[in-house]
Amino acid sequence: MALDSPHTGIVNYKQVAQSYAEDFQEAGGTIFTDFEVTNMEMAKESSSESEDGLKYPVIVRNSKGEEIYCQHIVTCAGLYSDRLSEISGCSPEPRIVPFRGDYLVLKPEKCYMVKGNIYPVPNPRFPFLGFHFTPRMDGSVWLGPNAVLAFKREGYRLFDFSTGDFLDAVTYSGLWKLVLRNLSYGLGEMYRACFLSAQVKQLQKFIPEVTINDVLRGPSGVRAQALDTDGNLVDDFVFDGGSGDIGSRVLHVRNAPSPAATSSLAIAKMIADEVKRRFEL
């Protein structure tokens, strides 16, 4: 079974994100990149920055020792949302387990085979999108993605590996509960990730004419999948804060499931409303 979506729109989301950034900067915001947060603490009133310490009492410090003084903090950290929550003194649950999604692409001379978006009927047991056919703004057609455990939080390539990220995932009891409940499904996804012919068989359920000679390996993405201690995949929004001096000033957006990009403006309004409610602004 497939869902034909003839009226679905397509955008270049990089341009959308850049436009959001421009709007934010025009409103007076400042964007820092390459700013890895390693610590949050309350400002000391006796410090030389005492005036800022009273008005902006939370110090966010990065790996280079640079600091930003804040009054309130909203985090939307994706793959690092659990770690950032823990840094702020809030709960590390739900934990983030990274799943890589590999795409195939149709060869340019075969793109005529797909004239619109085609989606599989979702499996209610899993929040993953499943193999679907997506025409792109540049005329290319992406096929996929699959869903396999990534051995690095930003592991966009098959052999990307981080010892810390790997141990963090495999020592989490929630992951093992998920694996044991869905062992055959997981092994099937890993098999399809390794063998192109197995992925093509999935595609042929929707377009039987597609052959292994029509496709190439394409890009990959990493899904920041929130997982609880019982091994349940969290498929709804999770807002979290804490208590104490820092926790009471932080709102963590712990999970923003698909279609987060499509719904980004509506989600932004929901987050803004939550900020006003929690911080009584």
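Biologist: Hi! How far apart are Lys 269 and Asp 273 in helix α9?
Modeller: They are four residues apart in helix α9 (residues 264–279), so about one helical turn separates them. Helices (H or I, at least four residues) and strands (E, at least two) are DSSP runs, numbered from the N terminus.

Biologist: What kind of model is this?
Modeller: It is a predicted model, where local features need pLDDT of at least 70 and side-chain atom pairs count only at pLDDT 80 or more, while totals for chains, interfaces and linings use all residues. Residues are numbered from 1 along each chain as its sequence is written, and side-chain values use heavy atoms, leaving out hydrogens and water.

Biologist: What do the side chains of Lys 269 and Asp 273 meet in?
Modeller: A salt bridge, at 3.2 Å from N to O. That term means a side-chain nitrogen of Lys or Arg within 4 Å of a carboxyl oxygen of Asp or Glu.

Biologist: Is Lys 269 buried or exposed?
Modeller: Lys 269 is exposed, at 54% relative accessible area, and Asp 273 is partly exposed at 37%. Buried means under 20%, exposed over 50%, and partly exposed in between (1.4 Å probe, protein chains only).

Biologist: How many salt bridges does a search of the whole structure find?
Modeller: It finds 17. One of them joins Asp 168 and Arg 95 at 2.8 Å, N to O. That pair links distant parts of the chain, 73 residues apart: Asp 168 lies in helix α4 (residues 163–170) and Arg 95 in strand β6 (residues 95–106).

Biologist: Which residues are linked in a network of salt bridges?
Modeller: Asp 82, Arg 83, Arg 95, Arg 153, Asp 165 and Asp 168.
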